[in-house]
Amino acid sequence: MPEILSPTDDYIFKLIFGDENHIEQLTGLLQSVVKVSIDEYKEIAIVDPHLLREYKGDKLGILDVKVKTKSGEIINVEIQVKPSPMLRERILYYASKMITGQMKSGNDHSDIKRVISIVITDHNFIDDSENYHNCYTLYNPETGSEFSDKLEIHTIGLPKIPATDDGTQLWWWTKFLSAKSKEEFTMLAEQNPQVEKAVVRLMELSADEKTRLVYESRHKMEWDNWARERAARQEGRQEGRQEGRQEGRQEGRQEGMELGIQETIERFRRGGMSDEEINKFLQ
């Protein structure tokens, strides 16, 4: 059996949860997060089923799976593997676009359906809560009264998943997304029938030569981007050293070099690299 691919990879995630031929996996994940009637999920439709749909400027690790429920509510699921600048602002921007995008000629504002954003992160995104699942709505913080239910944002932080079952179906899905080894996936499949289907799908994808080729090519592209960024930083530091020698700024040069190296190391750690891999790469 080849190495099991990571379900948090944006390409693999969408093959599992964004495929209309395997809609039950997506339905199970959504039901564990969004509390709506079961009837709403009986006729869900993936708005854009195309793979690898990326916006200009998006980085690897960003994924959108947009869904419409039976009554027209819009649910957007995205996975963010690495920290991204202004992620909160981008979430709000996309959510607002999903609201305004409903307004067509002849519609009035009463036709607006609820918009729900689900953002799964493989890093600590919400610092002021120890919960791995947080839900945000529009409400009055003094009275607790809700202003409108048309906007709902859910954040799910994989690093904060409790070690033991907390009694929710979401726990099982997050354990699936954060699993690394064949033994972990096997255990989850044996204990949870819903997650078992996702594990079977992941195993199929991991054994598929074409899927692995795309997966590895995308990761190579990411490595190439890292290498280019590192080369650019090295060039900038070299120029800084030359200028420093001319102007006698030895202290500033040293601080700049140390900062650049540390930034590179932290970026690689966030990307899942071990210290050994980082040392080899830097050497």
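Predicted model: local features only at pLDDT ≥ 70, side-chain atom pairs only at ≥ 80, totals over all residues.
When its neighbours within four places in sequence are set aside, Asn76 is in contact with Asp64, Val65 and Lys66, with Met98, and with Ile116, Ser117 and Ile118.

The loop between strand 3 and helix 3, the latter covering residues 87-100, is where Met86 has its place. Met86 is exposed, since its relative accessible area is 61%, and this exceeds the 50% above which a residue is called exposed. The backbone of Met86 deserves a look too, for its phi is near 55 degrees, which is a positive value in a residue other than glycine. As background, most residues other than glycine have a negative phi.

The chain holds 9 helices and 6 strands, and 41% of its 283 residues count as buried. Of the contacts between residues at least 6 apart in sequence, 61% join residues that are at least 24 apart. The chain exposes about 16200 Å², and carbon and sulfur atoms supply 51% of that area.

The helices can be followed through their packing, and two packed helices are described by the angle between their axes and the distance between the axes. Helix 2, residues 23-33, packs against helix 4, residues 169-178, at an angle of about 125 degrees, and the two axes are 8 Å apart. Helix 2 is therefore oblique to helix 4, and the crossing of these two helices is left-handed. On the side of helix 2 the contact is made by Gln25, Gly28, Leu29, Ser32 and Val33, which meet Gln169, Leu170 and Trp173 of helix 4. By class, the residues of this contact divide into 4 nonpolar and 4 polar, with no charged residue.

Helix 4 is itself mostly covered, with 7 of its 10 residues buried. The buried residues in helix 4 are Leu170, Trp171, Trp172, Trp173, Thr174, Phe176 and Leu177. Leu170 and Trp173, which are buried in helix 4, also take part in the contact with helix 2.

A second pair of helices is formed by helix 5, residues 182-191, and helix 6, residues 193-207, whose axes come within 6 Å and cross at roughly 140 degrees. That angle makes helix 5 oblique to helix 6, and the crossing of helix 5 and helix 6 is left-handed. In this contact Lys182, Phe185, Leu188, Ala189 and Gln191 of helix 5 meet Pro193, Val195, Glu196, Val199, Leu202 and Met203 of helix 6. The contact of helix 5 with helix 6 has 8 nonpolar residues, 1 polar residue and 2 charged residues.

How values were computed: Residues numbered from 1 in each chain as written. Heavy atoms only, no water. Axes fitted to C-alpha atoms, helices over the stretch in contact; angles between N-to-C directions. Helix = DSSP H or I, 4+ residues; strand = E, 2+ residues; numbered from the N terminus. Parallel < 35°, antiparallel > 145°, perpendicular 65-115°, else oblique. Left-handed = near helix turned anticlockwise from the far one by under 90°. Contact = heavy atoms within 4.5 Å. Nonpolar A, V, L, I, M, F, W, Y, C, P; charged D, E, K, R; others polar. Buried < 20%, exposed > 50% of the residue type's maximum accessible area, 1.4 Å probe, protein only. Areas by Shrake-Rupley, 256 points an atom, 1.4 Å probe, with all protein chains shown as cover.
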